[in-house]
Amino acid sequence: MLFWRRFGLGVVVFLVCLAFALKALLLVDVTSLWSGELYSVGKSFQLSFRDLLAMLRNDTHPPVNYSLLWFWGQSVGQNAVTLRLLSWLAYGLGGIVMVFQAGALAQASGVSRGRSLCLSACRFDGPNCFVVAAEL
């Protein structure tokens with residue numbers, strides 16, 4: 001009983017967030033790569049990292065995203081599911097950070113911890129999060 005009083009709502013919020021994260025993971029391969037994703041893939045998957053940097057010298061976009069995609073593609077493979085998995089991992093980690101930040105802000109401002117956890121869980125399942133979690 002003491003466990004449920006102390007962690008009950010947190011466990012429920014965790015399970016709800018986990019369910020939404022798993023839903024986003026299951027939707028990763030629902031569609032083929034979109035044109036923007038294909039553009040990123042085309043730029044990122046050069047033969048070597050040196051070729052990638054040489055190509056990006058003439059580009060206006062920062063090289064971090066393309067470099068990250070190149071290293072990710074080299075380590076786990078270059079197909080739609082593995083590429084979108086990188087975005088899903090960022091979505092999951094961002095959601096975890098958001099829930100902890102909401103709890104810290106709630107304690108600092110006097111809002112109940114339960115209310116802040118519920119609000120952060122509602123944001124975690126927002127419709128934009130699903131779209132972003134399934135894109136590169």
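Student: At what angle do helix α3 and helix α4 pack, and how far apart are their axes?
Tutor: This is a predicted model, to begin with. In it, α3 (residues 49-56) packs on α4 (residues 64-76) at about 160°. Their axes lie 11 Å apart.
Student: Roughly parallel or roughly antiparallel?
Tutor: Roughly antiparallel. The cut-off is over 145 degrees.
Student: Which hand is the crossing of α3 and α4, left or right?
Tutor: Right-handed.
Student: Which residues of α3 and α4 meet?
Tutor: From α3, F49, L52, L53 and L56. From α4, Y66, S67, W70 and F71. Seven residues of this contact are nonpolar, one is polar and none is charged.
Student: Moving on. What about α4 and helix α5, how do their axes cross?
Tutor: They cross at roughly 120° and come within 9 Å. Helix α5 covers residues 80-109.
Student: Which residues make the contact?
Tutor: On α4, L68, L69, W72 and V76. On α5, T82, L83, L85, L86 and L89.
Student: How many of those residues in the α4 and α5 contact are nonpolar, polar or charged?
Tutor: Eight are nonpolar and one is polar, with no charged residue.

Technical notes. Residues are numbered from 1 along each chain as its sequence is written. This is a predicted model: local features need pLDDT of at least 70, side-chain atom pairs count only at pLDDT 80 or more; totals for chains, interfaces and linings use all residues. Side-chain values use heavy atoms; hydrogens and water are left out. Axes are lines fitted to C-alpha atoms, for helices over the stretch in contact, and angles run from 0 to 180 degrees between N-to-C directions. Helices (H or I, at least four residues) and strands (E, at least two) are DSSP runs, numbered from the N terminus. Angles under 35 degrees count as roughly parallel, over 145 as roughly antiparallel, 65 to 115 as roughly perpendicular and the rest as oblique. A crossing is left-handed if the near helix is turned anticlockwise from the far one by less than a right angle, and right-handed if clockwise. Contact means heavy atoms within 4.5 Å. Ala, Val, Leu, Ile, Met, Phe, Trp, Tyr, Cys and Pro count as nonpolar, Asp, Glu, Lys and Arg as charged, and the others, Gly among them, as polar.
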